[in-house]
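Okay, everyone, thanks for coming. Let me put the structure up, and then I'll walk you through it.

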Amino acid sequence: MTTIDEFRAGARDWLRANAKAFDQDTESDPEGGAVPLAVSKAFQKKLWEAGYAGIMWPVEYGGQGLGVAELLAFNEVAADFVLPVWPFVVGLGMPGPTLLELGTEEQKRRHLPPMLRGEEIWCQLFSEPDGGSDVASLRTAAVRTETGWRINGSKVWTSGAQVSDFGALLARTDPTVPKHQGITMFIVDMHHPGVTVRPLRVATGSAPFNEVHFQDVDVPADAVIGAVDRGWQSAVVMLRNERVSLGTGPRSRSNPLGFDSLLELARERGLDRDPAVRRRLAEIHAREAALGAYGRVLHEETTAGRNIGARGSAAKLAGAAQQLWAADLAQEILGEELALGSDRMNPVAMAIITGPGMATAGGTNEIQRNIIGERVLGLAKDPGVDRDLPFNQLRFSR
Ligand SMILES: Cc1cc2nc3c(=O)[nH]c(=O)nc-3n(C[C@H](O)[C@H](O)[C@H](O)COP(=O)(O)OP(=O)(O)OC[C@H]3O[C@@H](n4cnc5c(N)ncnc54)[C@H](O)[C@@H]3O)c2cc1C
């Protein structure tokens, strides 16, 4: 029987032999991916073979069947390394845990092991051009066919769609009932000829997300995740997983906006003796420690099968706020150096530009505050005037 200390030591040895330590001066790849897809896939496979992917997932679905102590030990050790696992972050953080909770036995056996082995990449198809915060107003439609469903519509801001094999998609299956009812979640094959993916390029020059269009995309009846017309409940499960994953994910010591990195930047410029910079560094350090502790509690409760409710929103909000504070401090420390760098962006500059996206991804800060206000503080509810009207009687749906 391996003790936690032995597990941690084994993980550290494995990472030293197989992963790179972060180098502050490394220039980032303008495509944002930084490492080729084949390298990421091969790394994820090795990670799984070594016993460090799906640490808490059940063995029958390809996981390691270990506990939260092992997961936290691995995350702690992995924080010192750069793991090239970007294509798998969405799948393993959102659709994967949702399938574990709501998927059929067949769906779990079919999809979870290839996800862990780095063979299949997933994306999340929720947001639409006419509404992201109000997910329930979605207009992508799925109508019944003899063998399953036919999907038509468009999604936007889909992270990683350009490399995905499958997507977890929300579509309207009954427009005659209020908007939160009549939605269904589907597994969609992203290689279907009716799926078109168009990259959206952002300020860093990379294209991390996409528009995705569906034209007569047929999916079989067993592609439904959860129950037909109960997709809102499935979406709530996935959004809960997303918020925990975004708000409490491993905090890399090599994060360009993490405390260690900011301290190094300040030291290199002799600013670590500046009282104002020291005070802000101390704040960042304290918040990072608090977020880490909060994340551990939420992971433990989730593992024990307890519903963490709106506290996932609190973690997500705090994580996003931390990025913004850290980005502000990094800008102050670097000053005009930021503008004078080479024409390729260094990781700090890249993180400063992409950091604010955290305040939007997975539900904006305002939406998290609404959730916390209503469900934790018991404040008055958002009026939600169109909540009870049938979807096909809403003005925009005509
Ligand atoms: C980095 C990144 C990755 C993403 N990846 C994905 C992905 O993989 N899949 C996916 O489906 N989506 C993804 N998204 C989309 C994201 O979920 C949406 O952008 C987000 O939900 C907000 O939707 P919106 O952009 O349509 O803004 P809107 O909903 O139009 O909101 C505009 C503004 O109005 C405010 N607002 C809206 N409603 C309210 C309200 N009721 N009360 C108070 N304020 C309100 C918002 O806070 C925001 O400031 C990603 C976004 C980012 C930034």
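This is a predicted model: local features need pLDDT of at least 70, side-chain atom pairs count only at pLDDT 80 or more; totals for chains, interfaces and linings use all residues.

Residues are numbered from 1 along each chain as its sequence is written, and side-chain values use heavy atoms, with hydrogens and water left out.

β4, residues 141–144, runs antiparallel to β5 over four bridges, and a hairpin of three residues links β4 to β5. Strands here are DSSP runs of E, at least two residues, helices are runs of H or I, at least four, and both are numbered from the N terminus. Two strands count as paired if DSSP finds at least two bridges between them.

Now the ligand. It's surrounded by 19 residues, and the closest are Ser127, Ser133, Trp157, Thr364 and Glu366; being near means having a heavy atom within 4 Å. That shell splits into five nonpolar, twelve polar and two charged residues. For that count, Ala, Val, Leu, Ile, Met, Phe, Trp, Tyr, Cys and Pro are nonpolar, Asp, Glu, Lys and Arg are charged, and the others, Gly among them, are polar.

What about polar contacts, meaning N or O pairs within 3.5 Å? A backbone N or O atom of Gln124 sits 2.7 Å from a ligand nitrogen, and one of Gly132 is 2.9 Å from a ligand oxygen. From its side chain, Asn370 puts an N or O atom 3.0 Å from a ligand nitrogen. The ligand alone exposes 980 Å², and the protein buries 65% of that, going by Shrake-Rupley areas with a 1.4 Å probe. β5 (148–159) and α13 (365–376) are the elements that each give two or more residues to the shell.

Zooming out, the chain is assigned domain 1 (4–116), domain 2 (122–234) and domain 3 (235–376), with bounds from an automatic or database assignment. Domains 2 and 3 each supply at least three residues of the ligand shell. Between domain 1 and domain 2, the C-alpha centres are 26 Å apart, and 16 residues of domain 1 are in contact with 20 of domain 2, contact being heavy atoms within 4.5 Å.

Last thing, backbone angles. Most residues other than glycine have a negative phi. Trp157, in strand β5, has a positive phi of about 60 degrees. Asp216, in β9 (residues 209–220), has a positive phi too, near 50 degrees.

Terms used: A polar contact is a pair of N or O atoms within 3.5 Å; within protein, one must be able to donate a hydrogen and the other to accept it, and residues adjacent in sequence count only if both atoms are side-chain atoms.
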